[in-house]
Amino acid sequence: MDYPKSQVYCTPGLMQKIMGPNPVKLAEELMETEGRFIPAGSRVCDLGSGQGLTSVFLAKEYGLTVYAADLWSDPEENRAFFRSMGLTDTQLIPVKADACALPFTPEFFDAVVSVDSYNYFGRDAAYLDEKLLPFVRSGGEICLAIPGMKRDCHDALPEALLRSWTPEQLDYLHDAAWWTALLRQSRGAELCSVREMDSNDEVWADWLAQDNDYARGDRAAMEAGGGAYLNFLAIRLRKK
């Protein structure tokens, strides 16, 4: 797909903030499809926001009030970055938060968006109902872009993938059928859609072009053909 909104954010300086396959392009595809039900002005949690590039994108391009929730980034560093991007402290709010112990009041958010992070904390079937949905209003949207596999192959992991990642690291990745079965167990949310995203080769290429140890470490698998086993999944849920 084309990424007309993302191009503004694909500068060398901003790309230094990414921590994996280009999250801005993933966010654009997610918002133009699954996220189209989230209207401008909504209060949204960007869950697992990292250094906040997706949060900036959601606030500036879609007119959302965004809470950038992340456990590992520095909120004050993120706040300075948000201000440098022309956003006010009421448009974009950085929060240091554990995804399993969110510090918000019940039904605080109109929606949750999570790009390339939900698979780290959401693989427990109880997580959605017990840890996330309490903070979303009835009828609210949950939109996820999750790194996955075209087909689960944990019983015979391809050598190409093992060139960069251990079996334990690869256990964070699953296919659409696995996620569908997991999320259908939710009592509090309707699973509206699960699909393979168009964003894969291009977002990986953006990441592998970065000059850092993590990107360099991932190149071995991808250069050996590991990308043939991987994809990204777009998932939309709605709180009942």
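**Pocket, cavity and a helix pair**

The lining of the largest pocket is made up of 25 nonpolar, 15 polar and five charged residues; here Ala, Val, Leu, Ile, Met, Phe, Trp, Tyr, Cys and Pro count as nonpolar, Asp, Glu, Lys and Arg as charged, and the others, Gly among them, as polar. The model is a predicted one, in which local features need pLDDT of at least 70 and side-chain atom pairs count only at pLDDT 80 or more, while totals for chains, interfaces and linings use all residues. Residues are numbered from 1 along each chain as its sequence is written, and side-chain values use heavy atoms, with hydrogens and water left out.

The volume of the largest pocket is about 1,300 Å³. Of its 45 lining residues, Met19, Gly20, Asp116, Ser117 and Tyr120 are the closest to its centre. Among the elements giving two or more residues to this lining are helix H3 (53–62), strand E2 (65–70), H5, helix H10 (201–208) and helix H11 (213–223). Helices (H or I, at least four residues) and strands (E, at least two) are DSSP runs, numbered from the N terminus. A pocket is an open set of points on a 1 Å grid over the protein atoms alone, with protein on both sides within 12 Å along at least five of seven lines, whereas a cavity is a set where a 1.4 Å probe fits but cannot get out; lining residues have an atom within 4 Å of a point. Grid points are joined across faces, edges and corners, and a volume is the space filled by probe spheres set on the points.

One cavity of 30 Å³ or more is present in the structure. The largest cavity holds about 40 Å³ of space, and its lining consists of Tyr118, Gly122, Asp124, Ala125, Leu128, Leu182, Leu183 and Ser186. Five of these lining residues are nonpolar, two polar and one charged.

Turning to the helix pair, the axes of H10 and H11 come within 9 Å and cross at roughly 130°, with axes fitted as lines to C-alpha atoms over the stretch in contact and angles running from 0 to 180 degrees between N-to-C directions. The two helices, H10 and H11, are therefore oblique to each other, as angles under 35 degrees count as roughly parallel, over 145 as roughly antiparallel, 65 to 115 as roughly perpendicular and the rest as oblique. Trp204, Trp207 and Leu208 of H10 are in contact with Tyr214, Ala215, Asp218, Arg219 and Met222 of H11 (heavy atoms within 4.5 Å).
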